[in-house]
Amino acid sequence: MEPVNIPIEAKKRRIGVLTSGGDAPGMNGAVRAVVRMAIHSGCEAYAVYEGYEGLVNGGNMIRQVHWEDVRGWLSRGGTLIGSARCMTFRERAGRLRAAKNMVLRGIDALVVCGGDGSLTGADVFRAEWPGLLEELIKSGELTAHQVEPYKQLNIVGLVGSIDNDMSGTDATIGCYSSLTRICDAIDDVFDTAFSHQRGFVVEVMGRHCGWLALMSAISTGADWLFIPEMPPKDGWEDEMCNVITKVGTITCPKSPIMKCANPLCNQNRKERGKRRTIVIVAEGAQDRQLNKISSSTIKDILTQRLGLDTRTTVLGHTQRGGAACAYDRWLSTLQGVEAVRAVLEMNAQSPSPVITIRENKIMRTPLMDAVKETQDVTQKIHDKDFAAAMTLRDAEFKEYYHAYLNTATPEHPKMHLPENKRMRIAIVHVGAPAGGMNPATRAAVAYCLTRGHTPVAIHNGFTGLCRHHADKPISSVREVKWLESDAWVNEGGSDIGTNRSLPSEDMETTAKCFELYKFDALFVVGGFEAFTAVSELRRAREKYNSLKIPMVVLPATISNNVPGTEYSLGSDTCLNTLIDFCDAIRQSASSSRRRVFVIETQGGKSGYIATTAGLAVGAVAVYIPEEGIDIKMLSRDIDFLRDNFIRDKGANRAGKIILRNESASNTYTTQVIADMIKEEAKGKFESRAAVPGHFQQGGKPSPMDRVRALRMAIRCMQHLENFAGMDRETIAADPLSSSVIGVKGSQVLFSPMGGADGLEETETDWKRRRPKSEFWLELQDVVNTLSGRSASRTQE
Ligand code: ATP
């Protein structure tokens, strides 16, 4: 065996990164983050090409990666370092070769981004590592001296998979991008289904996991759903036809217009009004005997039994393709950063972690626990223990499933509450429109109808409420019917109308109207104004008895500046719109000269959107009101840009992006900054200002905003329901009778508005209209680290 020269005492730690299994959008973002964070932390980064294949083959398939090499990767689909399913690595002999290659390269830490198979492989490799090294010494392939510095192998997992099938994490890198692709396709199918009153059976990916199917069913208001974890009851064919006939449009073959004798189509379409039928089926769907339920079987049933003109659409690999959505870009970035941190903190005894996310919190979970639970789900399905499979999948999945069932067929409710528990629940939108307002209202209406409550929409906010004459009810306050709200499932903006008016503009009339319309509870969807409105109503309870009802705010604003939550509906839609804008504008510079774009974001006095968009597009710098802008900062950033363009060897000529929140400075406006950069660049590069303005409020809500709208709206309804039948004084005395639902770290919870511990007192910066402490501020450091801006600052 030839002796090989290797760095016995490598000066810098070497961290390898590979992508394995099926590709997923966001994998490139993860690799970029690992590479740059590794370099930032004083390590060297190595890319292993073609997954484990590269590790086994070594040579040119393991290459050092430099800072500039991963420029522009955030917006690229698939995985640029390649992925493969490597049979050789499944064998010990393959892993032995892999171990040798790693030692030869001086790599003793590996970040693996893939599905449960890839992560299982990683853990097997780590467990065998000491034995593999021993064998390499014994066979003479390596000397003890060579092996000595690499006795400890650290492995960290990142879950990259479109299926979202890994236990222990709410989301995997790629799943929301895939969901976005599916929802775009189904939204398009809507139009043709509506036009021809057709039925569509849409097959989506998911062999063992129904997450994509379930979430797309929620996001598009599908009439029926098939997922592998919860097969339909025997006799499902009849039930499906029954439900679809009642909620959908069935054109009777004998008599499409008139009523006919067939009990399944005894209502004509004018009565029913719904012109489209959508059934979603996961590719792994099966019945309780584990027989496959295919899209063509479902189509045949709908066609033959109901005479419904039905088409099937199998979405196939389009679900994997394309650029990552905003969520996958920032998730992969933050998780990549966390993976490197984990590597640096691990010792020989640390079990391999997998980086997960629960609600809004990036966490570390023992890798093998997550893999084992994931494999248990598959086993439980195989054993026909479907209840256990659902429980093992994760709590959020189960909650979404029940939320879907609770709202899918409100026309034939089975879950009405007793009369004395039923409420008249008023729904109002306050503030600027945000993606998710309509789906949240639809979900609230569906839940109300299912439980026997009466949903009452207040049109056009508190001005709409107060527009009454001589105590006569008017049309801007009216009960909502299901057919009206069903169509809101994928609509942007606010169908019932929203504005910034507050109850304090006429509290007397507002309170009178609460009495007039007999509201038992109030559901307010909106941003900081919604929060302010409920605060005002709560304070006015002392004077007005009619306001002593439970009230809850569901935050919905692109600014994400509502106290009590780290996430507001609409912020994800806005982010997606912004990254599309940035990608397009950046691309426009690729064929022209070197260019910096200074892009102005909305967000009021909160820099959340600017910062998160900065993470998702890889901005050079982000200017936010919390930090302000000064001349020194601008001067340093212009120097940084100059350096950046010098180091950029032309491989990636696309433009660079600076994001500036609209309120970051009164003096240094977007145009002024762009002009200063242009002046100082002295012809080496140029700059442009761009203001996407109201474009940021987005068109259709993103799937994430749609699914979260459903889940949170239902939680809000259940929260309000808790107060049913209580007397008014008891309600007013309960701090949670005026509250905000929110994501806080890894939890979703209700926070009281009033009282000594309430949000109004403890968490609200009323002057700046934002929470006193903003959880996302530390993300500024990540943006600066990954752009190199923070290193440029410390070098001075
Ligand atoms: P996806 O979710 O897209 O299927 P995955 O990571 O689960 O991704 P797999 O094909 O199961 O995809 O695994 C990818 C690769 O990981 C395999 O080709 C193999 O190289 C390695 N691998 C999987 N399981 C093991 C194992 N038990 N031992 C060693 N290596 C494994």
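Trainee: Where in the chain does C86 sit?

Mentor: C86 is in the loop between β3 (62-65) and α3. Keep in mind that we're looking at a predicted model.

Trainee: What makes C86 count as buried?

Mentor: Check the neighbour count: C86 has 22 C-beta neighbours inside 10 Å. The cut-off for buried is 20 or more, so with 22 C86 counts as buried.

Trainee: Which residues does C86 touch, leaving out those up to four places away in sequence?

Mentor: G51, Y52, E53 and V56. Take G51: it is 35 residues from C86 in sequence, yet the two C-alpha atoms are 7.5 Å apart in space.

Trainee: Let's look at E50. Why is E50 called partly exposed?

Mentor: E50 lies in the loop between β2 (44-48) and α2 (52-57). It has 19 C-beta neighbours inside 10 Å. Buried needs 20 or more and exposed needs 12 or fewer, so E50, with 19, counts as partly exposed.

Trainee: And what is the phi of E50?

Mentor: Near 60 degrees, which is a positive value in a residue other than glycine. K682 also isn't a glycine, and its phi is positive at about 50 degrees.

Trainee: Where does K682 lie, and is K682 buried or exposed?

Mentor: K682 is in the loop between α24 (670-681) and β21 (686-690). Exposed means 12 or fewer other C-beta atoms within 10 Å; K682 has 8, so it is exposed.

Trainee: What about K292: buried or exposed?

Mentor: K292 has 11 other C-beta atoms within 10 Å, so against the cut-off of 12 or fewer it is exposed. K292 lies in the loop between β8 (277-282) and α11 (295-306).

Trainee: How do you know that the buried residues of α19 are on the same side?

Mentor: The buried residues in helix α19 (residues 507-516) are T510, C513 and F514. They cover an arc of only 105 degrees around the axis, and that puts them on the same side of α19.

Trainee: What covers the buried residues of α19?

Mentor: The cover includes α17 (461-466). As for what follows α19, there's K518, with a positive phi near 55 degrees.

Trainee: What makes β18 mostly covered?

Mentor: Count its buried residues: in strand β18 (residues 595-601), 7 of 7 are buried. On one side that's R595, F597, I599 and T601, and on the other V596, V598 and E600, so both faces are covered. As a general point, side chains in a regular strand alternate between the two faces of the sheet.

Trainee: How do you know that β18 and β21 pair?

Mentor: Pairing takes at least two bridges, and β18 and β21 have 5, running parallel. I599 stands opposite A690 in β21. β18 is also joined by 6 bridges to strand β20 (residues 656-661), again parallel, with F597 opposite I657 in β20.

Trainee: How do β22 and β23 run?

Mentor: Strand β22 (residues 738-744) and strand β23 (residues 747-752) run antiparallel, with 6 bridges between them. In β23, P752 is the bridge partner of S739. The two strands form a hairpin with 2 residues between them, and G745 in the turn has a positive phi of about 60 degrees.

Trainee: Which residues around the ligand come nearest?

Mentor: G21, G22, G115, G117 and G121, out of 18. α3 (87-90) and α5 (116-138) are the elements that each give two or more residues to that shell. The largest share, 6 residues, comes from α5. By class, the shell has 4 nonpolar, 10 polar and 4 charged residues.

Trainee: Zooming out, what makes the protein as compact as a globular protein of that length?

Mentor: The protein has 29 helices and 25 strands. Its radius of gyration is 28 Å, close to the 28 Å that the globule rule gives for 796 residues, so it is as compact as a globular protein of that length. Also, 55% of the 796 residues count as buried.

Terms used: Residues numbered from 1 in each chain as written. Predicted model: local features only at pLDDT ≥ 70, side-chain atom pairs only at ≥ 80, totals over all residues. Helix = DSSP H or I, 4+ residues; strand = E, 2+ residues; numbered from the N terminus. Near = placed C-beta within 6 Å. Nonpolar A, V, L, I, M, F, W, Y, C, P; charged D, E, K, R; others polar. Arc of directions from axis to C-beta. Contact = placed C-beta atoms within 7 Å. Rg over C-alpha atoms; globule rule 2.2 N^0.38 Å.
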